[in-house]
Amino acid sequence: MIAAPAVAIACVAIVTLALGDVPPTTIATYLVGLAAFVLAPGIAVYRALATEPGSLLRQFAFGWATGEALLIATYLLAGALGLQGVVWVFPAAALLIALPRARRHPVVARGQTGPTAAQAWALAGIVSAFIVSAAAVRF
């Protein structure tokens, strides 16, 4: 099951934050914000712009990066115009604009395969080691 390594990474991140005395409400707030303001708009915009979105891992990775870039650009533009309150409508606006075009692609294109289970677990190990080492330096 390819989803298991992703769940393992999420668990490592949450446990690491909890061990660093981050309150559970703060962790939950961050995860909701990440999903609503970065992942959902980013994946939708990536799928709308990509000629072939590729595997789910590719969509997630490029969607996350796209979402971060869009959110930063939104903050900068809203701040420059003195309209910081507009940032709250960013996810809805991005989804309304991108979803009609994003839906024209299948979730995973034909012939696209994701990583093997061994590759997924290797990546999960690398990411988990990075999370723990970054926490050791910060906390």
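I started with phenylalanine 60, which is partly exposed at a relative accessible area of 37%. (Buried means under 20% relative accessible area, exposed means over 50%, and partly exposed lies in between, with a 1.4 Å probe and protein chains only.) Before going on, I noted that this is a predicted model, where local features need pLDDT of at least 70, side-chain atom pairs count only at pLDDT 80 or more, and totals for chains, interfaces and linings use all residues. I also noted that residues are numbered from 1 along each chain as its sequence is written, and that side-chain values use heavy atoms, leaving out hydrogens and water.

**The surface patch**

I placed phenylalanine 60 in helix H3. (Helices are DSSP runs of H or I with at least four residues, numbered from the N terminus.) Which residues form a nonpolar patch on the surface? I found Phe60 there with Ile14, Tyr30, Leu31 and Trp64, with about 450 Å² of accessible area together. (Patch residues have over 30% relative accessible area and no salt bridge, and nonpolar side chains are joined within 5 Å; a salt bridge is a side-chain nitrogen of Lys or Arg within 4 Å of a carboxyl oxygen of Asp or Glu; the areas come from the Shrake-Rupley method with a 1.4 Å probe.) Helix H2 (24-49) and helix H3 (56-81) each supply at least two residues of this patch.

**The cores**

Next I looked inside. The largest nonpolar core has nine residues: Leu34, Phe37, Val38, Leu39, Leu71, Ala78, Val87, Phe90 and Ala94. (A nonpolar core is a set of buried Ala, Val, Leu, Ile, Met, Phe, Trp, Tyr and Cys residues joined through side-chain atoms within 4.5 Å.) H2, H3 and helix H4 (90-102) are the elements that give two or more residues to this core, and H2 brings the largest share, four residues. I then noted a second, separate core of five residues, among them Ala44, Ala48, Ala98 and Ala102.

Leucine 34 touches Leu39, Trp64 and Glu68, leaving aside residues up to four places away in sequence. (Contact means heavy atoms within 4.5 Å.) Alanine 94 lies in helix H4. Is alanine 94 buried or exposed? It is buried, with a relative accessible area of 9%. Its C-alpha atom is separated by 7.2 Å from that of valine 45, 49 residues apart along the chain.

**Serine 128**

My last stop was serine 128, in helix H5 (residues 117-138). Serine 128 is buried, with a relative accessible area of 14%. It touches Ile9 and Val12, again not counting residues up to four places away in sequence.

Conventions
Patches are made of residues with over 30% relative accessible area and no salt bridge: like charges are joined within 9 Å, nonpolar side chains (Val, Leu, Ile, Met, Phe, Trp, Tyr) within 5 Å.
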